[in-house]
Amino acid sequence: MSITGLAIIYIIIWWIVFFAILPIDVSRSKSVKIEGEDPGSPENPKMLKKFLYCTGITTIIFIIIYLLIKFEYLNLRNIIN
């Protein structure tokens, strides 16, 4: 598989994991209400922590998928035929 294909697979897995992690550890208790701000928006979304967790989880999943593809346990050409 080419580098471009591997990068696309990594990016797709990263976004799926990111959207799965996004609602975890969110506190929505607002003490000060600012006009124009959504009352359900999180006070501290902890985005850096979520980016790091997402990257780590995605890397582990990607390595597993890459090894399955490399050793032909996951070969779509053989599955289709």
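K46 is placed in the loop between helix 1 and helix 2, where helices (H or I, at least four residues) are DSSP runs numbered from the N terminus. The model is predicted, so that local features need pLDDT of at least 70 and side-chain atom pairs count only at pLDDT 80 or more, while totals for chains, interfaces and linings use all residues. Residues are numbered from 1 along each chain as its sequence is written, and side-chain values use heavy atoms, with hydrogens and water left out.

The phi angle of K46 is near 55 degrees, a positive value in a residue other than glycine. Most residues other than glycine have a negative phi. K46 has a relative accessible area of 31% and is therefore partly exposed; buried means under 20% relative accessible area, exposed over 50%, and partly exposed in between, with a 1.4 Å probe and protein chains only. E72 also has a positive phi, near 60 degrees, and is a residue other than glycine. E72 is found in the loop between helix 2 and helix 3, and it counts as exposed because its relative accessibility is 55%.

The loop between helix 2 and helix 3 (76–80) also contains N75. With a relative accessible area of 21%, N75 is partly exposed. The C-alpha atoms of N75 and I13 are separated by 18 Å, and the two residues are 62 residues apart along the chain.

The largest nonpolar core has 6 residues, namely I13, W14, V17, F18, I21 and C54. Helix 1 (residues 3–21) gives the most to this core, with 5 residues. A nonpolar core is a set of buried Ala, Val, Leu, Ile, Met, Phe, Trp, Tyr and Cys residues joined through side-chain atoms within 4.5 Å. In soluble globular proteins, nonpolar side chains tend to be buried together.

Which residues does V17 contact, leaving aside its neighbours within four places in sequence? They are C54, I57, T58 and I61, where contact means heavy atoms within 4.5 Å. L6, which lies in helix 1, is buried because its relative accessibility is 15%. Leaving aside neighbours within four places in sequence, L6 is in contact with M1, F62 and Y66. The C-alpha atoms of L6 and F62 are 8.8 Å apart, although 56 residues separate the two along the chain.

Two packed helices are described by the angle between their axes and the distance between the axes. Helix 1 and helix 2 (residues 47–70) pack at an angle of about 135 degrees, and their axes are 8 Å apart. Helix 1 is therefore oblique to helix 2. Angles under 35 degrees count as roughly parallel, over 145 as roughly antiparallel, 65 to 115 as roughly perpendicular, and the rest as oblique. The residues of the contact between helix 1 and helix 2 comprise 18 nonpolar, 3 polar and 1 charged.

Is I60 buried or exposed? This residue of helix 2 is exposed, because its relative accessible area is 55%.

Terms used
Helix = DSSP H or I, 4+ residues; strand = E, 2+ residues; numbered from the N terminus. Axes fitted to C-alpha atoms, helices over the stretch in contact; angles between N-to-C directions. Nonpolar A, V, L, I, M, F, W, Y, C, P; charged D, E, K, R; others polar.
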